[in-house]
Amino acid sequence: METSTEGVAQPADADAAQADPPSAAEPTTTAEPATAERPTTTAGAAPATPAPETETDPQPGTETKPEAEAPRPVAIPPASLSPSRAGDFMQCPLLYRFRVIDRLPEKPSEAATRGTLVHAVLERLFDAPAAERTAPRAKSLVPGQWDRLRETRPEVVDLFADDPEGERLARWLGEAEQLVERWFTLEDPTRLEPVERELFVEAVLDSGLKLRGIIDRVDVAPTGEVRIVDYKTGKAPRPEYAEGALFQMKFYALVVWRLKNVVPRRLQLVYLGSGDVLTYDPVLADLERVERKLHALWEAIREATETGDWRPRPTKLCGWCDHQAHCPEFGGTPPPYPLPVRGAGPDPVGGPGVVPRAEQAVPVRAAESGGVPQGRMGPD
Ligand code: SF4
């Protein structure tokens, strides 16, 4: 694994096809990241069918109504898997249930919203001719993209409802500008011509498992080599967590491989928070391994869906979880399980849909190597 920008796939040929700029919505920043508001495109390296992700792949932080006021959406079994939701399940099956099955609302956070804003700025900067993609220009995009974000996601305004003087907002916008500026120390957008930005991808594996996600940027070198790039507004993980951080990228690489029969030459994570670039050059065996892992994960999700056995797995990341009030680990009670339960016996304490920790014999694992992606709920 490398942690430098040396030897990366060549910047895309300026003549390479450039996708029409997506018109709607914003990128996400949580590790994950995908939202129904994010734009989709079918052009370029990874054609995809735009489809709502909200049914099975809700974006954390996009809901603002108090839970008491929000009508519960109709629950449906999960039908596809994204990197973010796969990460949720590996981190905590009960969290996955709350987000995908129950679709409990979550409050936007300053960190996640700042990430969304920075992603939007970096995406829009490529609208400009190459020579004009400068740091001052990128920073100048911040206020306008913030205005647009407030229009498309009015709930983010609540973040600064208690800031009538605008001091905290000004500081927050300044932090976003700093992150944007740091990007220029890591990449040179005047030498890049992405073939895709905020690319929605979706692929159905031979097993029928549908994978989907949104790739921040796709570069294609004149030689045809594909580089997948993802921006993170947080800090680079410690080396022992790098594998978890790369899981999302290998997921995308698998989707691209299945769609185009091309193994991406390079996966690149750009950490704006710490000024690091993490790269990995996958081989076919990596993608096959990820595919097996996802199949095992999907089987575990299907089993949990049918049995209602969603186990809490407390970690330090619980501090980022919006659902402690519903979590038995914190004295809460999950909402009634909204799906039919296979072979339902007596309800466990807390009702169907949750298994008390004391009765959990074996933690649900995603199987195989790779570990648990860290920081799924924190800022990316
Ligand atoms: S508080 Fe922790 S254990 Fe409970 S649902 Fe959230 S992540 Fe899982």
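**Exercise 1.** In this predicted model, determine how the axes of helix α6 and helix α7 are arranged.

*Solution.* Two packed helices are described by the angle between their axes and by the distance between those axes. Here α6 covers residues 242–260 and α7 covers residues 284–307. Their axes come within 9 Å and cross at roughly 100°. Angles of 65 to 115 degrees count as roughly perpendicular, so α6 is roughly perpendicular to α7.

**Exercise 2.** Which residues of α6 and α7 meet, and how do they divide by class?

*Solution.* From α6, the residues are K250, F251, A253, L254 and W257. On the α7 side they meet D286, L287, V290 and E291. Sorted by class, this contact has six nonpolar and three charged residues, with no polar ones.

**Exercise 3.** Decide how far helix α2 (residues 93–101) is enclosed by the rest of the structure, and find what its buried residues pack against.

*Solution.* A residue is buried if 20 or more other C-beta atoms lie within 10 Å of its own. In α2, P93, L94, L95, Y96, R97, F98, R99, V100 and I101 are buried. That is nine of the nine residues, so α2 is largely enclosed by the rest of the structure. Its buried residues pack against α1 (83–91) and α7. After α2 comes R103, which has a positive phi, near 55°.

**Exercise 4.** How many residues surround the ligand, and which are the closest?

*Solution.* The ligand is surrounded by 13 residues. The closest are C92, P312, C318, C321 and C327. By class, the shell consists of nine nonpolar, two polar and two charged residues.

Methods. Residues are numbered from 1 along each chain as its sequence is written. This is a predicted model: local features need pLDDT of at least 70, side-chain atom pairs count only at pLDDT 80 or more; totals for chains, interfaces and linings use all residues. A residue is near a molecule or strand if its C-beta atom, placed from the backbone, lies within 6 Å of it. Ala, Val, Leu, Ile, Met, Phe, Trp, Tyr, Cys and Pro count as nonpolar, Asp, Glu, Lys and Arg as charged, and the others, Gly among them, as polar. Axes are lines fitted to C-alpha atoms, for helices over the stretch in contact, and angles run from 0 to 180 degrees between N-to-C directions. Helices (H or I, at least four residues) and strands (E, at least two) are DSSP runs, numbered from the N terminus. Angles under 35 degrees count as roughly parallel, over 145 as roughly antiparallel, 65 to 115 as roughly perpendicular and the rest as oblique. Two residues are in contact if their C-beta atoms, placed from the backbone, lie within 7 Å. A residue is buried if 20 or more other C-beta atoms lie within 10 Å of its own, exposed if 12 or fewer, and partly exposed in between; C-beta atoms are placed from the backbone.
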